[in-house]
Amino acid sequence: MDFNVKKLASGAGLFFTRAVQYTEEKLGQAERTELDAHFENLMSRADCTKNWTEKIYRQTEVLLQPNPIDHTGARIEEFLYEKLDRKAPCRVTNAELLGQYMEDAARDFGAGGPYGSTLIKVGECERRLGAVEREFLQTAAISFLNPLRNFLEGDWRTISKERRLLENLRLDLDSCKARLKRAKLAEARATAPDFQETRPRNYVCLPALQRIGRRAKEGLSEESSSVIGLTTGLWTEEVEKAEQELRVAQTEFDRQAEVTRLLLEGISSTHVNHLRCLNEFVEAQAVYYKQCHFHMQELQKELGKLPNAFAINSLPSVGAGGSAEDGEKSPVETDTLKIEEVQAPATGTRKAKVLYDYDAADSSELSILADELITVYTVPGMDSDWLIGERGNQKGKVPWTYLELLT
């Protein structure tokens, strides 16, 4: 118990000394030991690395998990499983959940209808996109997020701890310097006392006063000599003690400065490691987007093979001057479509933007290039996967999946 009390008292005294030194430095009343320029640059670089690494880490988390509520819940779940030393279960992605809803809706609406069959195709594609997304999230977390988090929670904590210890030892060193300076000043004053003899103002009985003064001076000299010797010895001992404490404080400060310097110089290795992790993250992201693009292209091809009632219903098949009920003959026959005999309706034509290049397979089709604008319309009896496209004097069938209808 006595040892704990002494230790507590010693710690409190040390804390008070550091607080006094820190306050005097802030007020400009005490000198401060400055670190060399190289050391200051290392600390500044380390602080910059920590700040930007933390921002990049947080924003990457937001990118991978945009919903802050889901993100917080996921972090809490990961933390609990990590403390229990168990592997966290794989969570269903939003795309997979959307695909599941679409497939369930298709079963209720009827998988044989146009809407139900399309929902099934899109739902399957969303499931594949969700699986690709989950794989990307796992790869990004392992190759990029975990190294950044390990630096912030591991290396940077060690650096911060050693820097705090270095700052405390610097305060102790400067406190010892100030104590030694005060002790030397007090010793100098003690060894050179200022005893000025006061001249008497009354000159009555001058011989008697001179005799009294000589006796007082002799007595004062003997007494002051003993006092001065004792005081000088005490201050000399205090100076020696302060010098010893200064040497110890200087040694500890130099040792800690070297340890901290080595840790700060390791920031260069951290940059190299983070650069490698960044390249792996970019590679994983490129693979993810490539797979998503592939699945979406496959989905478009599959949707192009399904009956599309929307394309026919959105484009009037005949002009406003007549209708199917009027008994007018269609410009094309149901069994054979002759492109050269097809006439554009008076109304119902629309502009369309070409999404992809398409090469005509025969004379009835029209070759188109991406990003060009053509006029399209439909006619009765034509396959729902095709539209009639016109560009200048050229006319032919084009697949509607290669077009974007403009309003």
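Modeller: Ile388 lies in strand E3, which spans residues 386–391; helices (H or I, at least four residues) and strands (E, at least two) are DSSP runs, numbered from the N terminus. This is a predicted model, in which local features need pLDDT of at least 70 and side-chain atom pairs count only at pLDDT 80 or more, while totals for chains, interfaces and linings use all residues. Residues are numbered from 1 along each chain as its sequence is written, and side-chain values use heavy atoms, with hydrogens and water left out.

Ile388 counts as buried because its relative accessibility is 0%; buried means under 20% relative accessible area, exposed over 50%, and partly exposed in between, with a 1.4 Å probe and protein chains only. In the chain of 407 residues, buried residues make up 30%. Ile388 and Ala344 are 44 residues apart in sequence, and their C-alpha atoms are 8.7 Å apart in space.

Within E3, Ile388 is the bridge partner of Tyr377. Strand E2 (residues 373–377) pairs with E3 in the antiparallel sense over 3 bridges; two strands pair if DSSP finds at least two bridges between them. Both strands belong to an open sheet of 5 strands with antiparallel pairing and the order E4-E3-E2-E1-E5. Strand E4 (394–399) and strand E5 (403–405) stand at the edges with a single partner strand each, so one side of each is left without a neighbour in the sheet. From one strand to the next, the twist averages 40 degrees, where axes are lines fitted to C-alpha atoms (for helices over the stretch in contact) and angles run from 0 to 180 degrees between N-to-C directions.

For the chain as a whole, the secondary structure comes to 8 helices and 5 strands, and along the sequence the pattern is α-α-α-α-α-α-α-α-β-β-β-β-β. Among contacts between residues at least 6 apart in sequence, 73% join residues at least 24 apart, a contact being heavy atoms within 4.5 Å.

The second largest pocket has a lining that includes Asp385, Trp386, Pro399 and Trp400. On a 1 Å grid over the protein atoms alone, a pocket is an open set of points with protein on both sides within 12 Å along at least five of seven lines, and lining residues have an atom within 4 Å of a point. Helix H7 (residues 267–305) gives the largest share of this lining, 5 residues.

Definitions and conventions: On a 1 Å grid over the protein atoms alone, a cavity is a set of points where a 1.4 Å probe fits but cannot get out, and a pocket is an open set with protein on both sides within 12 Å along at least five of seven lines; lining residues have an atom within 4 Å of a point.
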